[in-house]
Amino acid sequence: MALIMIEGMEFFAYHGCFAEERVIGTRFIVDCTLEADTSIAQESDHLNDTINYQSVYLLVKTEMAIKSHLLEHVAQRILRALLSQFEGIVYAEVKISKLNPPLGGKINKVSVVLTTDDLLDRNSD
């Protein structure tokens with residue numbers, strides 16, 4: 001198994017609980033860690049034998065373009081889309097950070113991290 005880490009994907013998006021956030025927008029950083037069996041790709045050196053990083057980026061970009069109130073909701077959508085599109089993923093972690101959130105003071109960022117374990121725990125209830 002290998003960890004594929006796609007870090008620092010930056011997006012301008014319109015997520016937030018305040019109406020202004022969904023109009024003005026702000027910057028977000030998304031990090032994805034994907035665990036998959038890459039043994040075939042390690043030998044073949046063929047892109048179609050592994051998870052295509054560009055495809056992951058485009059999937060995240062699509063989900064980030066959908067306005068949401070909560071980062072938790074966006075992270076869940078990204079996780080579900082990753083698992084749906086890439087059958088080789090055995091574990092995934094998505095971290096979404098909102099830069100300079102409007103919380104009444106100087107705050108660099110707030111972040112939410114969800115993993116496939118979070119989805120599995122919810123589905124077993």
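This is a predicted model: local features need pLDDT of at least 70, side-chain atom pairs count only at pLDDT 80 or more; totals for chains, interfaces and linings use all residues.
**View 1. The largest pocket and what lines it.** This pocket holds about 220 Å³ of space. Its lining counts 15 residues, and the ones closest to the centre are Glu21, His69, Leu71, Lys98 and Val110. If you're looking for secondary-structure landmarks, α4 (71-85) and β4 (109-115) each put at least two residues into the lining. Sorted by class, the lining comes out as 9 nonpolar, 3 polar and 3 charged residues.

**View 2. A salt bridge between Arg27 and Glu10.** The search of the whole structure turns up 2 salt bridges, and here the side chains of Arg27 and Glu10 meet with an N to O distance of 2.6 Å. Arg27 sits in strand β2 (residues 26-36) and Glu10 in strand β1 (residues 2-13), so the pair, 17 residues apart, ties together distant parts of the chain. How accessible are the two partners, Arg27 and Glu10? Arg27 counts as partly exposed because its relative accessibility is 39%, and Glu10 is also partly exposed, with a relative accessible area of 43%.

**View 3. A salt bridge between Glu63 and Arg77.** Here the closest N and O atoms of Glu63 and Arg77 are 2.7 Å apart. Once again distant parts of the chain are linked: Glu63 belongs to helix α3 (residues 53-64) and Arg77 to helix α4, 14 residues apart. Are these two partners buried or exposed? Both Glu63 and Arg77 are buried. Helix α4 is worth a look back at the pocket view, as α4 (71-85) also supplies at least two residues of that lining.

How values were computed: Residues are numbered from 1 along each chain as its sequence is written. Side-chain values use heavy atoms; hydrogens and water are left out. On a 1 Å grid over the protein atoms alone, a cavity is a set of points where a 1.4 Å probe fits but cannot get out, and a pocket is an open set with protein on both sides within 12 Å along at least five of seven lines; lining residues have an atom within 4 Å of a point. Grid points are joined across faces, edges and corners, and a volume is the space filled by probe spheres set on the points. Helices (H or I, at least four residues) and strands (E, at least two) are DSSP runs, numbered from the N terminus. Ala, Val, Leu, Ile, Met, Phe, Trp, Tyr, Cys and Pro count as nonpolar, Asp, Glu, Lys and Arg as charged, and the others, Gly among them, as polar. A salt bridge is a side-chain nitrogen of Lys or Arg within 4 Å of a carboxyl oxygen of Asp or Glu. Buried means under 20% relative accessible area, exposed over 50%, partly exposed in between (1.4 Å probe, protein chains only).
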